[in-house]
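Please look through the sequence and the model that follow before reading on. The report then goes through the structure one topic at a time.

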Amino acid sequence: MHKDKYSSGDGYMYVYLLSIVACVVVAIVVALMIFGSGLFLNDSSVSPAPPVVNTSGSASGADVSSESSEVSEPSRFSSCTVDNSEVNVGLLLLVNSDNRYVFPEENETVGLYSLLKNSSVSLSGTSVRLNSTAANALKSMCEAFYSESGLTTGIMVYNGYYSYDTVADKDGADAAGASDYHIGNTARLMVYPTKLGKIGVGDFEWFIHNCYSYGFILRYPADKSDLTGNEGSLGVYRYVGVCHAYYMYKNNLCLEEYLELLKQYTPENPLIIDVQNKSYEVYYQAMEDGLSSTVQVPADGSYIISGNNCDGFIITVTG
């Protein structure tokens, strides 16, 4: 019997082959889709989606420890303009033949007679004068000496403030302006009557070791004559303020040495002085050319500016 050209067996075979081809085509298409998407994802021309930002403002999952901004600490100092004439004003003036005192227009000293007339301190004359702060500190120092020593008499203030004319008449015009007594903070003490002793010796040695507590220094130590240019004296005391007097006494420095030492200290690296339950910071700023200088002073807090009568300013900050 004759078979049809397209028998049932051949039909099944045909369908089977078509199915295989279709599966292959689908597999190729899927492969192309997967492979192609990978190519597009790796294409550097495609911008990545922006990161999700969390509530703190940093990208989710990002390490922001190295990106935190630094906040600058507010400066402790502010700039202050100082007239250069102020280099001749203050408690820490160096006065000698190389650094002449510049006399102010008005004399601000006070007479010691009215201040000490009811005390056990005597005067060489009624005209002895000192600046007010130094005068009151001197009175307190002498009262403390009497209280601690048990003595009731003996201290005399022999010299105090010298005017230009006083020195010119006494030592000649060439000496005028070169004396520490011009400042009004220097006094010469002596024992009177002399039979009671001598300042700086015996009972009266007390002044050498306690004067700093009242802001005074021994102005002309015997072992510093080559630096001060003056013969040593146990009786000449200069008021400079407690913190400076304390530091000079504890470190065996005369005023000349101390002023030179302070030039090492800056606003950022001050000299720290702790005395009488207070802390002080002391530093130097050089005088600039021209009519004024800019110095750094604390933005907050108390301070005093003193010239050195030479080349700069000393700033004393009270903590």
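Is Gln276 buried, partly exposed or exposed? Gln276 is partly exposed, because its relative accessible area is 47%, a value that falls between the 20% under which a residue counts as buried and the 50% over which it counts as exposed.

## The model as a whole

The structure shown here is a predicted model. The protein has 319 residues, of which 37% count as buried, and it contains eight helices and 13 strands. Its accessible surface comes to about 19,300 Å², and carbon and sulfur atoms account for 54% of that area.

Ser75 is found in the loop between α1 (residues 8–41) and β1 (residues 77–83), and it counts as exposed because its relative accessible area of 52% is over the limit of 50%.

## Helices α7 and α8

Helix α7 covers residues 242–250, and its buried residues are Val242, Cys243, His244, Ala245, Tyr247 and Met248. These buried residues pack against several other elements, namely the strands β7 (216–218), β9, β10 and β13 (312–318), together with helix α8.

Helix α8, which runs from residue 255 to residue 262, is mostly covered, with six of its eight residues buried. The buried residues are Leu255, Glu256, Tyr258, Leu259, Leu261 and Leu262.

## Backbone details in the loops

Which residue takes a positive phi just after α7? That residue is Asn252, with a phi of about 50°, and the value is positive in a residue other than glycine. Asn252 lies in the loop between α7 and α8, where it counts as partly exposed at 47% relative accessibility.

Gln276, the residue of the opening question, also has a phi near 50°, again a positive value in a residue other than glycine. Its place is in the loop between β9 (271–275) and β10 (278–286). A further backbone detail is the peptide bond from Tyr192 to Pro193, which is cis, with omega near -5°. Pro193 belongs to the loop between β6 and α5 (206–210).

## Aromatic rings

The count comes to 15 aromatic pairs in this model. Phe145 and Tyr146 form one of them, and this pair is tilted, with 5.6 Å from centre to centre and 50° between the planes. Phe145 is buried, with a relative accessible area of 0%, and Tyr146 is buried as well, with a relative accessible area of 10%.

Phe145 and Tyr146 also belong to an aromatic cluster, which they form together with Phe204, Trp206, Phe207, Tyr214 and Tyr237.

## The two largest pockets

How many residues line the largest pocket? Its lining has 28 residues, of which Tyr181, Arg188, Tyr220, Ser233 and Val236 lie nearest its centre. The elements that give two or more residues to this lining are α4 (164–171) and β6 (186–191), and β6 gives the most, with four residues. The volume of the largest pocket is about 650 Å³, and its lining is made up of 13 nonpolar, nine polar and six charged residues.

The second largest pocket has a volume of about 450 Å³. It is lined by 21 residues, and those that lie nearest its centre are Val89, Tyr101, Glu108, Asn131 and Ile183. By class, this lining has nine nonpolar, 10 polar and two charged residues.

Terms used. Residues are numbered from 1 along each chain as its sequence is written. This is a predicted model: local features need pLDDT of at least 70, side-chain atom pairs count only at pLDDT 80 or more; totals for chains, interfaces and linings use all residues. Side-chain values use heavy atoms; hydrogens and water are left out. Buried means under 20% relative accessible area, exposed over 50%, partly exposed in between (1.4 Å probe, protein chains only). On a 1 Å grid over the protein atoms alone, a cavity is a set of points where a 1.4 Å probe fits but cannot get out, and a pocket is an open set with protein on both sides within 12 Å along at least five of seven lines; lining residues have an atom within 4 Å of a point. Grid points are joined across faces, edges and corners, and a volume is the space filled by probe spheres set on the points. Ala, Val, Leu, Ile, Met, Phe, Trp, Tyr, Cys and Pro count as nonpolar, Asp, Glu, Lys and Arg as charged, and the others, Gly among them, as polar. Rings of Phe, Tyr and Trp (its six-membered ring) pair if their centres lie within 6.5 Å; planes under 30 degrees apart count as stacked, over 60 as edge-to-face and the rest as tilted. Accessible areas come from the Shrake-Rupley method with a 1.4 Å probe; for residues, only the protein chains shown count as cover. Contact means heavy atoms within 4.5 Å.
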